[in-house]
Amino acid sequence: VPFELGSGQIQDFIQVLVNGLAMGAIYALIAVSFVLVYKAVGIVNFAAGELVVLGGYIGVVLANELHIPIWIALAGTIVLMSVFGYIFMLVAYQPLRGQPFLVVAISTLAFGIIITNGIQWAFGAAPRKLETLLDVPTVTIGGIHLVVQHLVIVVVTVVTLVSINYLFARTSLGHRMMATAQDTEVSRLLGINVDRMVAITFVLSCALAGIAGFLLAPIFYLVPTMGLGLALKGFAAAIIGGFGEVRGSIIGGIGIGVTEILLARYVSSSYRDLLIFAIVLAFLFFRSEGVLSSRIGQKV
Amino acid sequence: MTGAPEVTLGNSSAAPVHRAGGYVMKRFALPFVVLVSIVVAACGGSGTPTPSGTAASTEPIKIGLLAATTSGNALLGESYRGGVAFAVKEINAAGGIKGRQIVVKTSDIGGDNTTAVNALNEAVADNPVVLIGHPHSTAQIAQNALIKKTGVPFFYSGSSVKVTQSILDNPWIFRISPNDGVMATAATQYVLDKLKYTKVAILYSNEEFGIAGRDVITEVLAKRGLKPVAQEAHEVLAQDVSAQLLKLKTSGAEIIIGWATPIPTAATLRQLKELQINIPYMGGRSMALAAVLGLSKAEQLDGAYGSVDSVISVDPLAAEWTKKYKADTGKEPDFFTAAYYDLVYMIKDWIGAVGTDPAALRKAILETQNRKGVGSNIYSFKPTGESVFTAQVIKYTGSTPKILETVTVAP
């Protein structure tokens with residue numbers, strides 16, 4: 001521990017830790033969104049960050065413009081982002097299916113740029129903000145001031161990721177999706193509707209991005225161009241997780257969220273991102289299989 | 001050259017050919033007409049702006065607006081583009097400049113210097129009479145050489161003191177708001193002299209604007225034999241500064257002076273309250289921008305100070321204009337909106353007085369002293385290109401700002 005713990009310092013540390021956990025949860029959702037698509041069709045979705053931003057803006061429209069109660073707006077965002085995920089698959093992936101990795105990756109990149117410019121056209125450049133899911137800004141426990149939305153983010157993310165884990169581990173649909181991800185041809189021979197599984201994966205991935213955007217919008221100010229920074233952190237989390245591992249990506253996301261804020265607090269706020277990406281590089285060089293398994297070099 | 005002489009010259013040259021009917025005349029008539037046409041066309045398409053002094057001219061006056069319409073810079077772009085558009089609309093509705101309408105061509109500077117330079121190239125190709133730019137220090141540095149080469153007046157707002165006073169050195173660049181050094185000096189002086197704080201912490205964005213602000217604050221402190229008790233940086237569009245604030249909390253600071261763009265400023269105001277850090281905050285010009293005010297709740301603004309260009313919303317002299325602007329656009333103006341609105345009216349008067357010759361315009365600009373603008377804005381141009389040397393120190397009660405002091409920093 002590079003610092004001396006006094007009572008004030010412990011309070012600071014816990015505050016910083018909760019903030020880091022909240023951001024880490026967001027990164028974990030983005031990383032899982034990356035990984036689902038990668039596992040299903042073998043491409044890296046470079047529009048992942050923009051999809052998160054789109055989710056946030058849809059939340060703003062539903063909650064702020066249409067005045068739909070916030071929890072129903074969250075459900076609405078998930079539904080609309082799921083529909084968008086299907087459209088995304090039809091437009092950005094389906095026509096280029098079978099093309100080299102790079103071609104499809106560029107297609108997703110282009111789709112991301114279209115999303116950014118579309119948002120800017122529709123909403124302008126002024127930042128937007130969503131109200132918090134609970135109408136209590138902060139809670140003080142033992143002298144520690146915690147932002148309630150941070151706690152909500154952590155809880156909603158845990159529920160979401162546990163549900164996904166249940167889907168893959170315990171349901172027939174999840175098993176068919178995993179089989180498709182592991183071997184498309186064999187899955188087809190086994191009678192699995194591969195196209196449907198791929199479509200469901202895109203839908204699920206975009207729904208996760210929507211949840212991430214909706215959770216982020218009350219603690220960040222939404223601007224159309226913020227997707228890239230989020231995608232980079234999510235991508236880094238996926239790399240640390242072993243790119244292809246859902247559980248690893250969750251660990252990667254939480255790890256990045258917590259590490260970056262601890263670095264900013266106790267080492268250097270100026271060089272926080274430099275240090276984070278140095279850690280990511282170190283993973284690529286010295287533990288390319290990620291925190292859990294699978295060699296990244298073979299996947300990316 | 002204008003369109004009218006072109007027709008006259010062509011007809012007069014052709015007429016004698018038919019009358020004379022001689023071989024020599026016939027032989028050279030066609031090449032002559034072609035040659036004259038080429039010369040006339042070349043003159044008409046030259047890069048020299050058409051002088052507005054030509055009595056019969058009805059050609060529009062072209063203004064090149066280098067504005068951010070995309071990227072993170074677009075946020076500031078919305079404020080000043082509104083001011084330009086509103087002024088142009090009013091002037092054109094009232095008959096333009098001596099009967100000539102103003103046409104604004106907007107080129108997007110995006111979020112990087114390459115796009116900014118490309119935008120300037122695009123704007124220059126249209127032969128504008130003047131250029132209006134975005135308040136962004138590094139973009140000005142990137143565009144500087146081309147502005148100098150183009151040789152038409154270029155206006156923009158603010159910029160870091162280092163950029164305005166030493167890097168640019170360009171006779172064609174004029175600024176219509178105080179440089180950031182004026183405001184950083186005013187903020188620090190107010191903190192030391194009026195609030196009587198000596199333990200000052202600095203929170204700044206880690207790019208030219210924030211670093212230059214930090215340097216000015218540090219210099220003013222040094223002149224009083226003081227040093228900042230802590231300095232923390234964040235990214236230019238940081239949304240989470242909680243780690244930095246918690247670090248500053250333990251520094252023993254009596255006040256935090258923040259130097260950042262609107263989004264980090266709003267994030268700072270919000271997180272100071274969320275983390276219940278009861279250290280007063282003094283922000284820079286962002287504290288009076290519509291973007292910050294639109295994002296911040298009254299309880300987040302309450303008690304915060306700002307050192308800003310001006311506060312249009314509480315300036316009684318600007319009340320009528322603000323009402324008019326809001327009625328027309330449905331948007332809240334801020335000091336950028338007002339300054340760029342003032343600029344277009346100044347451009348109208350300069351062109352109306354001396355035409356569009358760049359040298360004559362430059363002379364007219366530099367002769368402009370104590371020109372009143374919207375509200376309490378006053379412009380006095382100096383040979384350095386700067387025109388505003390005052391900042392207003394404000395304090396919020398709820399979401400209502402009160403002007404505490406107007407500070408003038410000697411040019």
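Q: Hi! Where in chain B is B:S380 found?
A: Hello! In this predicted model, B:S380 sits in the loop of chain B that runs between β12 (378-379) and β13 (390-397).

Q: And is B:S380 buried or exposed?
A: B:S380 is buried, because its relative accessible area is 12% and the cut-off for buried is under 20%.

Q: Nice. What lies 2.9 Å from a polar atom of its side chain, that of B:S380?
A: That would be the backbone nitrogen of B:N370.

Q: Which residues is B:S380 in contact with, leaving aside neighbours within four places in sequence?
A: There are contacts with B:T368, B:Q369 and B:N370, and also with B:E386, B:S387 and B:F389.

Q: Which side chain does the side chain of B:N377 make a polar contact with?
A: With the side chain of B:S310, at 3.4 Å. Once neighbours within four places in sequence are set aside, B:N377 is in contact with B:S310, B:A338, B:A339, B:D342, B:R371 and B:K372.

Q: B:A338 is in a helix, I think. Which residues of α13(B) and α14(B) meet?
A: From α13(B) come B:W321, B:K324 and B:Y325, and they meet B:T337, B:A338 and B:Y341 of α14(B). By class, the residues of this contact of α13(B) with α14(B) are 4 nonpolar, 1 polar and 1 charged.

Q: At what angle do the axes of α13 and α14 of chain B cross?
A: Roughly 95 degrees, and the axes come within 12 Å; α13 covers residues 319-329 and α14 covers residues 335-354 of chain B.

Q: Another helix, then. How many of the residues of helix α9 of chain B are buried?
A: 6 of its 8 residues, so helix α9 (residues 242-249) of chain B is mostly covered. The buried residues of α9(B) are B:S242, B:A243, B:Q244, B:L245, B:L246 and B:L248.

Q: Zooming out, how many helices and strands does chain B have?
A: Chain B has 15 helices and 14 strands. Of its 411 residues, 54% are buried. The accessible surface of chain B is about 16700 Å², with 57% of it belonging to carbon and sulfur atoms.

Q: What share of chain B contacts between residues at least 6 apart in sequence join residues at least 24 apart?
A: For chain B that share is 67%.

Q: Over to chain A. How do the axes of α5 and α8 of chain A cross?
A: They cross at roughly 170 degrees and come within 10 Å, with α5 spanning residues 148-170 and α8 spanning residues 194-216 of chain A. Therefore α5(A) and α8(A) are roughly antiparallel.

Q: Which residues make that contact between α5(A) and α8(A)?
A: On the α5(A) side, A:Q149, A:I153, A:V156, A:T157, A:T160, A:I164 and A:L167; on the α8(A) side, A:L204, A:L208, A:I211 and A:L215. The contact of α5(A) with α8(A) has 8 nonpolar and 3 polar residues, and no charged ones.

Q: How far apart are A:L208 and A:I30 in space?
A: Their C-alpha atoms are 7.2 Å apart, though A:I30 and A:L208 are 178 residues apart in sequence.

Q: Last one: where is A:I30, and what does A:I30 touch?
A: A:I30 is in helix α1 (residues 7-41) of chain A, and A:I30 is buried, with a relative accessible area of 0%. Not counting residues up to four places away in sequence, A:I30 touches A:A48, A:V52, A:A212, A:L230 and A:G234.

Terms used. Residues are numbered from 1 along each chain as its sequence is written. Chains are lettered from A and ligands numbered from 1 in the order in which they are written. This is a predicted model: local features need pLDDT of at least 70, side-chain atom pairs count only at pLDDT 80 or more; totals for chains, interfaces and linings use all residues. Side-chain values use heavy atoms; hydrogens and water are left out. Helices (H or I, at least four residues) and strands (E, at least two) are DSSP runs, numbered from the N terminus. Buried means under 20% relative accessible area, exposed over 50%, partly exposed in between (1.4 Å probe, protein chains only). A polar contact is a pair of N or O atoms within 3.5 Å; within protein, one must be able to donate a hydrogen and the other to accept it, and residues adjacent in sequence count only if both atoms are side-chain atoms. Contact means heavy atoms within 4.5 Å. Accessible areas come from the Shrake-Rupley method with a 1.4 Å probe; for residues, only the protein chains shown count as cover. Axes are lines fitted to C-alpha atoms, for helices over the stretch in contact, and angles run from 0 to 180 degrees between N-to-C directions. Ala, Val, Leu, Ile, Met, Phe, Trp, Tyr, Cys and Pro count as nonpolar, Asp, Glu, Lys and Arg as charged, and the others, Gly among them, as polar. Angles under 35 degrees count as roughly parallel, over 145 as roughly antiparallel, 65 to 115 as roughly perpendicular and the rest as oblique.
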